[in-house]
Amino acid sequence: RGAAGGDVSRIVFVCDGTGTMINRINLLRSEMTKVVQGLKPNQSFNVVFFYDGPKTWSVGEKLRPATENNKRAAYKSMEGLAPTGQTNPLPALRLAISMRPEAIYFVTDGGFNNLVKDEQLVAEVDKLNKGRRVRVNTILFCGHDNQSEETLRKIADAHGGFYRYVSEQEVMA
(Lines give C-alpha, C1' and ligand atoms only; values in the text may rest on other atoms or scores of the structure.)
Protein backbone atom coordinates (compact mmCIF):
# COMPACT_ATOMS: atom_id res chain seq x y z
CA ARG A 1 0.00 0.00 0.00
CA GLY A 2 1.00 3.62 -0.21
CA ALA A 3 2.57 5.23 -3.23
CA ALA A 4 3.46 2.57 -5.73
CA GLY A 5 6.99 2.53 -6.94
CA GLY A 6 8.22 5.39 -4.78
CA ASP A 7 10.75 7.10 -7.04
CA VAL A 8 10.17 4.68 -9.93
CA SER A 9 8.51 6.28 -12.93
CA ARG A 10 7.82 3.22 -15.15
CA ILE A 11 5.84 0.40 -13.51
CA VAL A 12 4.01 -2.74 -14.64
CA PHE A 13 1.76 -4.72 -12.30
CA VAL A 14 1.55 -8.40 -13.26
CA CYS A 15 -1.46 -9.93 -11.50
CA ASP A 16 -2.88 -13.41 -11.11
CA GLY A 17 -6.29 -13.83 -12.73
CA THR A 18 -6.39 -17.63 -12.63
CA GLY A 19 -9.04 -19.94 -11.20
CA THR A 20 -7.44 -20.07 -7.74
CA MET A 21 -8.11 -16.33 -7.45
CA ILE A 22 -11.89 -16.72 -7.89
CA ASN A 23 -12.62 -15.89 -4.22
CA ARG A 24 -9.87 -13.26 -4.02
CA ILE A 25 -10.28 -11.35 -7.28
CA ASN A 26 -12.47 -8.65 -5.73
CA LEU A 27 -9.86 -8.09 -3.00
CA LEU A 28 -7.13 -7.90 -5.64
CA ARG A 29 -9.18 -5.50 -7.80
CA SER A 30 -9.80 -3.30 -4.78
CA GLU A 31 -6.09 -3.24 -3.85
CA MET A 32 -5.02 -2.60 -7.46
CA THR A 33 -7.52 0.27 -7.72
CA LYS A 34 -5.98 1.88 -4.61
CA VAL A 35 -2.46 1.38 -5.96
CA VAL A 36 -3.31 2.81 -9.41
CA GLN A 37 -5.12 5.75 -7.75
CA GLY A 38 -1.91 6.52 -5.86
CA LEU A 39 0.22 6.79 -9.01
CA LYS A 40 1.60 10.25 -9.68
CA PRO A 41 1.20 12.15 -12.99
CA ASN A 42 4.94 11.73 -13.74
CA GLN A 43 4.61 7.92 -13.62
CA SER A 44 3.68 5.52 -16.42
CA PHE A 45 2.07 2.16 -15.79
CA ASN A 46 0.22 -0.86 -17.08
CA VAL A 47 -1.65 -3.70 -15.43
CA VAL A 48 -1.24 -7.17 -16.95
CA PHE A 49 -3.31 -10.13 -15.76
CA PHE A 50 -2.47 -13.74 -16.58
CA TYR A 51 -5.22 -16.34 -16.73
CA ASP A 52 -6.33 -19.51 -18.48
CA GLY A 53 -2.84 -20.88 -19.07
CA PRO A 54 -0.97 -18.62 -21.51
CA LYS A 55 -3.53 -15.80 -21.88
CA THR A 56 -2.75 -12.24 -20.86
CA TRP A 57 -5.00 -9.26 -20.45
CA SER A 58 -3.72 -5.68 -20.28
CA VAL A 59 -4.58 -2.12 -21.17
CA GLY A 60 -2.66 -2.14 -24.46
CA GLU A 61 0.89 -3.39 -24.81
CA LYS A 62 2.86 -0.37 -23.66
CA LEU A 63 3.16 1.85 -20.64
CA ARG A 64 0.51 4.56 -20.24
CA PRO A 65 0.92 7.88 -18.43
CA ALA A 66 -0.83 7.88 -15.04
CA THR A 67 -3.51 10.36 -16.13
CA GLU A 68 -7.02 10.21 -14.67
CA ASN A 69 -8.34 8.88 -18.00
CA ASN A 70 -5.77 6.07 -18.15
CA LYS A 71 -6.41 5.17 -14.50
CA ARG A 72 -10.15 5.01 -15.22
CA ALA A 73 -9.50 2.78 -18.25
CA ALA A 74 -7.49 0.44 -16.00
CA TYR A 75 -10.26 0.26 -13.36
CA LYS A 76 -12.91 -0.34 -16.01
CA SER A 77 -11.01 -3.12 -17.71
CA MET A 78 -10.17 -4.80 -14.37
CA GLU A 79 -13.90 -4.98 -13.63
CA GLY A 80 -14.44 -7.15 -16.70
CA LEU A 81 -11.89 -9.81 -15.78
CA ALA A 82 -13.27 -13.21 -14.72
CA PRO A 83 -10.65 -15.49 -13.14
CA THR A 84 -10.23 -18.79 -14.92
CA GLY A 85 -7.72 -21.49 -15.81
CA GLN A 86 -4.31 -22.52 -14.58
CA THR A 87 -1.30 -20.53 -13.47
CA ASN A 88 1.26 -19.64 -16.12
CA PRO A 89 2.64 -16.15 -15.48
CA LEU A 90 5.44 -16.37 -18.09
CA PRO A 91 3.58 -14.77 -21.05
CA ALA A 92 2.47 -11.90 -18.78
CA LEU A 93 6.00 -11.42 -17.43
CA ARG A 94 7.35 -11.46 -21.01
CA LEU A 95 4.84 -8.78 -22.00
CA ALA A 96 5.62 -6.72 -18.89
CA ILE A 97 9.39 -6.81 -19.50
CA SER A 98 8.87 -5.88 -23.18
CA MET A 99 7.27 -2.62 -21.95
CA ARG A 100 10.68 -1.65 -20.53
CA PRO A 101 9.57 -0.69 -17.03
CA GLU A 102 11.92 0.17 -14.18
CA ALA A 103 9.92 -2.07 -11.84
CA ILE A 104 7.46 -4.94 -11.99
CA TYR A 105 5.14 -5.86 -9.15
CA PHE A 106 4.33 -9.55 -9.59
CA VAL A 107 1.18 -10.35 -7.55
CA THR A 108 -0.01 -13.97 -7.25
CA ASP A 109 -1.42 -16.50 -4.84
CA GLY A 110 1.29 -18.92 -6.01
CA GLY A 111 0.69 -22.52 -7.00
CA PHE A 112 2.93 -22.58 -10.06
CA ASN A 113 3.48 -26.31 -10.35
CA ASN A 114 0.58 -27.11 -12.66
CA LEU A 115 1.82 -25.54 -15.94
CA VAL A 116 5.18 -24.05 -15.00
CA LYS A 117 7.53 -25.60 -12.48
CA ASP A 118 8.93 -23.25 -9.82
CA GLU A 119 12.54 -23.73 -11.03
CA GLN A 120 11.42 -23.05 -14.62
CA LEU A 121 9.74 -19.80 -13.53
CA VAL A 122 12.90 -18.61 -11.73
CA ALA A 123 15.13 -19.57 -14.71
CA GLU A 124 12.81 -17.94 -17.25
CA VAL A 125 12.62 -14.63 -15.34
CA ASP A 126 16.44 -14.73 -15.13
CA LYS A 127 16.57 -15.10 -18.93
CA LEU A 128 13.96 -12.41 -19.63
CA ASN A 129 15.66 -9.90 -17.33
CA LYS A 130 19.23 -10.88 -18.15
CA GLY A 131 20.78 -7.42 -17.68
CA ARG A 132 18.78 -6.95 -14.45
CA ARG A 133 17.44 -3.67 -15.83
CA VAL A 134 14.01 -4.28 -14.28
CA ARG A 135 13.52 -4.53 -10.52
CA VAL A 136 11.08 -7.38 -9.86
CA ASN A 137 9.07 -7.12 -6.64
CA THR A 138 6.98 -10.15 -5.72
CA ILE A 139 3.84 -10.27 -3.60
CA LEU A 140 2.22 -13.49 -2.41
CA PHE A 141 -1.42 -12.43 -2.20
CA CYS A 142 -3.95 -14.05 0.16
CA GLY A 143 -2.73 -17.59 -0.41
CA HIS A 144 0.31 -19.03 1.30
CA ASP A 145 2.46 -22.06 0.65
CA ASN A 146 6.15 -22.41 1.41
CA GLN A 147 7.13 -23.47 -2.12
CA SER A 148 5.55 -20.37 -3.72
CA GLU A 149 7.10 -18.15 -1.05
CA GLU A 150 10.55 -19.61 -1.74
CA THR A 151 10.11 -19.14 -5.52
CA LEU A 152 8.93 -15.54 -5.18
CA ARG A 153 11.75 -14.72 -2.74
CA LYS A 154 14.32 -16.13 -5.19
CA ILE A 155 12.93 -14.00 -8.03
CA ALA A 156 12.84 -10.82 -5.93
CA ASP A 157 16.34 -11.39 -4.50
CA ALA A 158 17.85 -12.09 -7.93
CA HIS A 159 16.26 -9.01 -9.50
CA GLY A 160 16.85 -6.34 -6.86
CA GLY A 161 13.26 -6.35 -5.62
CA PHE A 162 11.45 -7.18 -2.42
CA TYR A 163 9.22 -10.09 -1.45
CA ARG A 164 6.10 -9.56 0.64
CA TYR A 165 3.27 -11.77 1.86
CA VAL A 166 -0.13 -10.06 2.09
CA SER A 167 -2.77 -11.94 4.08
CA GLU A 168 -6.52 -11.64 3.60
CA GLN A 169 -6.76 -10.18 7.11
CA GLU A 170 -4.31 -7.43 6.11
CA VAL A 171 -6.31 -6.55 3.00
CA MET A 172 -9.63 -6.61 4.86
CA ALA A 173 -8.31 -4.38 7.68
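**Note on core packing and salt bridges**

1. In this predicted model, Val47 touches Phe13, Cys15, Met32, Val36, Trp57, Ser58 and Val59, leaving aside residues up to four places away in sequence.

2. Val47 also belongs to the largest nonpolar core, which has 31 residues; together with Phe13, Leu28, Phe49 and Phe141, Val47 touches the most other members. Two or more residues of this core come from each of β1 (10–16), α1 (25–37), β2 (44–51), α2 (68–79), β5 (103–108) and β6 (135–141). The largest contribution, 6 residues, is that of α1. Another core lies apart from this one and holds 26 residues, including Val48, Leu90, Val116 and Leu140.

3. The whole structure contains 11 salt bridges. In one of them, the side chains of Arg24 and Glu168 meet at 3.9 Å, N to O. Arg24 sits in the loop between β1 and α1, and Glu168 in helix α6 (residues 168–172), so this pair ties together parts that are 144 residues apart in sequence. Arg24 is buried, at 19% relative accessible area, whereas Glu168 is partly exposed, at 33%. A network of salt bridges links Arg24, Asp109 and Glu168.

4. Within helix α2, Lys71 and Glu68 are 3 residues apart, about one helical turn, and their side chains form a salt bridge of 3.7 Å, N to O. Lys71 is buried, with a relative accessible area of 3%; Glu68 is partly exposed, at 49%.

5. Asp52 and Lys55 form a further salt bridge, with their closest N and O atoms 3.2 Å apart. Asp52 is partly exposed, at 30% relative accessible area, and Lys55 is also partly exposed, at 41%.

Technical notes
Residues are numbered from 1 along each chain as its sequence is written. This is a predicted model: local features need pLDDT of at least 70, side-chain atom pairs count only at pLDDT 80 or more; totals for chains, interfaces and linings use all residues. Side-chain values use heavy atoms; hydrogens and water are left out. A nonpolar core is a set of buried Ala, Val, Leu, Ile, Met, Phe, Trp, Tyr and Cys residues joined through side-chain atoms within 4.5 Å. Buried means under 20% relative accessible area, exposed over 50%, partly exposed in between (1.4 Å probe, protein chains only). Helices (H or I, at least four residues) and strands (E, at least two) are DSSP runs, numbered from the N terminus. Contact means heavy atoms within 4.5 Å. A salt bridge is a side-chain nitrogen of Lys or Arg within 4 Å of a carboxyl oxygen of Asp or Glu.
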